[in-house]
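Here are my notes for you, point by point. Keep the structure open beside them and find each residue as you read.

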Amino acid sequence: FFEEGFGLYDKKETGAIPNDKLGPLMRSVGMNPTDSEVRTFVEKYTSDGNIKKDKFLTIVEQKHTWDIETKETQDVLIQQFQLFDKKKTGTITVTELRTIMTTLLPKGEVLGH
């Protein structure tokens, strides 16, 4: 499937596509990369302005891994949030959030670091 998608963008059958086609190619095969992710892949996997097919397949695998890790992180955060949503309303107050953050985080630690 991914190789067929690559072939649609590799019109000259050189085994490579221009860097600027990576984002559209990924989207055409059902992926949803951010512009930042596309730039990261281009910087990491090209040196001559083109993405080779084997590198594209590596990108597909890496993006899939990132998506799984992101989904797992989101699931954990939702589960943790639900522990504090005692009324099951899908919300907590600013006061509850402040209490959670000041009670659970070690002094001086910043979220995301």
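1. Start with the largest nonpolar core, which has 15 residues; L22, L25, M26, F41, I51, F56 and I59 are the ones that touch the most other members. A nonpolar core here is a set of buried Ala, Val, Leu, Ile, Met, Phe, Trp, Tyr and Cys residues joined through side-chain atoms within 4.5 Å. Helices α2 (22–28), α3 (35–45) and α4 each supply at least two residues of this core, and α3 gives the most, with 4 residues. As background, nonpolar side chains tend to be buried together in soluble globular proteins.

2. A word on where this comes from: the model is predicted, so local features need pLDDT of at least 70 and side-chain atom pairs count only at pLDDT 80 or more, while totals for chains, interfaces and linings use all residues. Residues are numbered from 1 along each chain as its sequence is written, and side-chain values use heavy atoms, with hydrogens and water left out.

3. Now zoom in on L22. Which residues is L22 in contact with, leaving aside its neighbours within four places in sequence? They are I17, V38, F41, V42, I51, F56 and I59. Contact means heavy atoms within 4.5 Å.

4. Next, the overall layout. The protein chain has 5 helices and 2 strands, and from the N terminus on the elements run α-β-α-α-β-α-α. Both kinds of element are DSSP runs numbered from the N terminus: helices are H or I with at least four residues, strands are E with at least two. Of the contacts with a separation of 6 or more, 48% are between residues 24 or more positions apart.

5. How much of the chain is buried? Buried residues make up 24% of the 113 residues. The cut-offs are under 20% relative accessible area for buried, over 50% for exposed, and partly exposed in between (1.4 Å probe, protein chains only). The accessible surface comes to about 8500 Å², of which 56% belongs to carbon and sulfur atoms. Those areas come from the Shrake-Rupley method with a 1.4 Å probe, and for residues only the protein chains shown count as cover.

6. A search of the whole structure finds 2 aromatic pairs. In one of them, the rings of F6 and F56 have their centres 5.6 Å apart and their planes at 40°, so the pair is tilted. Rings of Phe, Tyr and Trp (its six-membered ring) pair if their centres lie within 6.5 Å; planes under 30 degrees apart count as stacked, over 60 as edge-to-face and the rest as tilted. This pair links distant parts of the chain, with F6 in helix α1 (residues 2–9) and F56 in helix α4, 50 residues apart. F6 is buried at 1% relative accessible area, and F56 is buried at 0%.

7. F41 and Y45 form a tilted pair, because their ring centres are 6.5 Å apart and their planes are at 35°. F41 and Y45 are 4 residues apart in helix α3, so about one helical turn separates them. F41 is buried, at 0% relative accessibility, and Y45 is buried with a relative accessible area of 16%.

8. On to charges: the count comes to 2 salt bridges, using the rule of a side-chain nitrogen of Lys or Arg within 4 Å of a carboxyl oxygen of Asp or Glu. R27 pairs with D35, with the closest N and O atoms 3.4 Å apart; R27 is partly exposed at 36%, and D35 is exposed at 52%. K52 pairs with D48, again with the closest N and O atoms 3.4 Å apart. K52 is partly exposed at 41%, and D48 is partly exposed at 44%.

9. Finally, check two backbone angles. Most residues other than glycine have a negative phi. E13, in the loop between α1 and β1 (16–18), has a positive phi near 55°, and E13 is exposed at 71% relative accessible area. K88, in the loop between α4 and α5, also has a positive phi near 55°; K88 is exposed, at 62%.
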